Amino acid sequence: MISVEGLSVEIGAQPILRDVSFALERGRVLGLVGESGSGKSMTALSIMRLLPRGAHLSGRVALEGRALGALTERQMCDVRGREVAMIFQEPMTALNPVQTIGDQVAETLLVHGVAGRAEALARAKDRLARVGLAPDRFPLSRYPFELSGGQRQRVCIALAVALRPKLLIADEPTTALDVTTQARILSLVTELVAEEGMACLFITHDLGVVAEMADEIAVMQAGRIVERTAPAALPGGLRHPYARSLFAAASHVPARRAATPGAPLLEVKDAVRDYLLPRRRIFGPAPRFRAVDGVSLTVHAGECVALVGESGSGKSTLARAILGLDALQGGAIRLGSAAVSPAMTPALRQRMQVVFQDPYGSFNPRHRVGRLVAEPFHLGGKPADAEARVAEVLEDVGLSASDAHRYPHEFSGGQRQRIAIARALVTRPDLIVLDEAVSALDVSVRARILDLLADLQARHGLAYLFITHDLTVVRAIADRVLVMKGGRIVEEGPTARVFDAPAHAYTRELLDAAPLLPAA
Amino acid sequence: MHDGSPDAKGLARAAAFARLAAMARYLALRFLSLALSLAVASVVIFAVIQGVPGDPAAFMLGLNAAPDTVAALRSELGLEGGLAQRYIAWVGGMATGDFGISYTYRVPVADLVADRLAVSLPLAAYALLLSTALALPAGMLAAARRGGPVDWGIIAATQLGIAVPNFWFAMLLVVLFAITWPVFSAGGFPGWEAGLFAGLKALTLPAVALALPQAAILARVMRSALIETLHADYIRTARAKGLSEAAAIRRHAFRNALIPVLTILGLQFSFLLAGAIIIENVFFLPGLGRLIFQGITARDLIVVQSVTMLLVFAVILVTFLVDLAYAAVDPRLRKRG
């Protein structure tokens, strides 16, 4: 139905895609996997002919025998949305914020002149209902900002499939969503593919997702498809060394000994954290939202505890309180024998450091790495051997001491995360809070960072509080798991026990929703 | 799935009501801030002109005035009595349309201002219309052809428009269109009694001179706001739907780019109303800018005080209207209030 032959793209002299070929039949899903920069999205944009300016495209894309490369831009506009449709990664920004969802879905029909305004709106209502947005709860007059991420992605799907296209390209459609939302969106896409007899090119970096929903998997590396296989053959059927290493990295478990629980280090008792909401009446009391509702937890010295939950579960709010950034409305937090609060002493703060998801955002781009890593010293005054300490932690995280003189933009994403870990280590803390610290990394980089974290823990006797939504990571590194939902901890226990025999219904739901790779 | 159950209808009605309530709240808050700004501004203007040490009457009459002339003027100006009392009398007078009597012109200030507004307001509106009509298409064209020769041409033209002072444009226009090709007159205003066409004709050259630099700024704002929105994800979605780039700009990027453009438009209108003084001088137009300038040179404090207050009112009113326009453009503002 769709065939791609010898697709190559260059931007300037830089090759982006090299000789990409595949064919796809109606009702089938081809999963295109690879790490960032491997050319997955460029493949999709080449088919759509929506490449960035200055990109040079060669090769042949044919839709039911019709060469798309030979079409004029005007004819191509006719193909987009009608025969080939696409959904994207960021549902939060993929919709026009100042237009109603009804208008945006109806526009697909209007642009292609297949219906008048009234009929287009009627069909938009119908399509929105099909993707699970019932008209009584989600009337056409809703604006995107009134919907959640998952609901917005449903709107994007409705507008993509409004004209029953032959090919649906889904570019990381669930990457920004929670696991349970992801599971629902994935089953919606699978249903629509079967119902409409569409072909689907499904792009993702998540090997678990393709293993679950694709009929065939293509692995991309540096602009080339290096391996094609059926999911049933995973992981043993892989021949290409890169594809094998990719799948190995995805389910990588760092070598580490289970911690022998030391003395309790961090103790949270009945923590309550309220947010004030905007007032409904000008002089009325401001309503409160309870983000953390009576949470108690303990992290022992040298232990790795994972805090799992979906967005809005209160885990980041709890993390801010634990770091002493926000005051609690009830309960208490203690680190060792000292109370944690926004007013705590810098000496206490030194004992607790944090690493975030996007280290680049927390680096001043005009400072050299040495200065960035030395930043926490302002808490306790700069020691005499500050430079030696910076060099030591840089080598600790697998960088070299001379990297202190370079700027953060000179490093890759994984190296930047190492710099952030070095910065957390420099004050020799007892506890490091890792807030989605490996979530944005490619699987192979993530595997190496997990190894590094395990190694640092063994050498320095660190305790980790690992906040994440990624259950694969939890299984790989955590001694104990806390599952958080609606501001409360609903389940707690040793990692193996929680994964094998979840006690709470929500934990079971999370585990069912998580796409897991077939075990090696 | 539940379709159209009475419960669902009730929900929809409640949602519609909540929407209206949020809109009303937004309006009420904006209106409150308008009233507050006006009150604060009136106090400041009054304090600066009347509350400062020294006798306004003596100041108006100059150094060599006889004491009894000063005393006469004091009573004429209503300067007897406490500050608070005078302030209330002034504000109360303005509320009923009584702005006092001009000392130099010997006519009610309200009449003076009305005459001048009849020139300044149409001139400002005319110039704003011209500048918008010129700037928005130019900005959109430049954004659509970004990086190309058309874009470069428009950028160069706007650079020139910003750099060259408007009175120089004015003189150039006079030389070209009043002397070389005498299509328009070089200055003066026949009054609206001479007919709409004659009035507009007299205002055309000044409006063009005023509009060009404003259009240059506006076009740049339009261009950069559009280019920013063109990188947005929803433009990519629109393209994937099958919209051409031009249609994506028209239907999706334009409205999202309007907020910064509206901000600049609001500022420009206020400026055009009072700041046209140089252009009014070049074209001998009896406008508001000249009135306040003459008021200051003649030390006619009553005129200065009233016209300043009027201009403040105009600026605040325009800001209010711009706030309303924001809400019309962006549904998120309507909701948050």
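Predicted model: local features only at pLDDT ≥ 70, side-chain atom pairs only at ≥ 80, totals over all residues.
How many helices and how many strands does chain B have? Select chain B and colour by secondary structure: there are 14 helices and zero strands.

Colour chain B by confidence next: the average pLDDT is 86, and 93% of the residues score at least 70.

Of the 337 residues in chain B, 31% are buried.

Show chain A as well and go to the place where the two chains touch. The contact takes 30 residues from chain A and 25 residues from chain B. On the chain B side, select helix 1 (6-51), helix 9 (233-241), helix 10 (245-274) and helix 14 (331-336), the elements that give two or more residues each. Helix 9 of chain B gives the most, with seven residues. By class, this side of chain B has 10 nonpolar, seven polar and eight charged residues.

Last stop: the largest nonpolar core, which has 232 residues. Select Phe202(A), Ile322(A), Leu465(A) and Phe466(A), the residues with the most contacts inside this core. Helix 8 (residues 196-230) of chain B gives the most to the core, with 16 residues. Zoom in on Ile322(A): leaving aside neighbours within four places in sequence, its contacts are Leu266(A), Val268(A), Ile333(A), Val340(A), Val433(A) and Leu465(A).

Notes:
Residues numbered from 1 in each chain as written. Chains lettered and ligands numbered in written order. Contact = placed C-beta atoms within 7 Å. Helix = DSSP H or I, 4+ residues; strand = E, 2+ residues; numbered from the N terminus. Nonpolar A, V, L, I, M, F, W, Y, C, P; charged D, E, K, R; others polar. Core = buried A, V, L, I, M, F, W, Y, C linked by C-beta atoms within 7 Å. Buried ≥ 20, exposed ≤ 12 C-beta atoms within 10 Å, placed from the backbone. pLDDT = per-residue confidence, 0-100.
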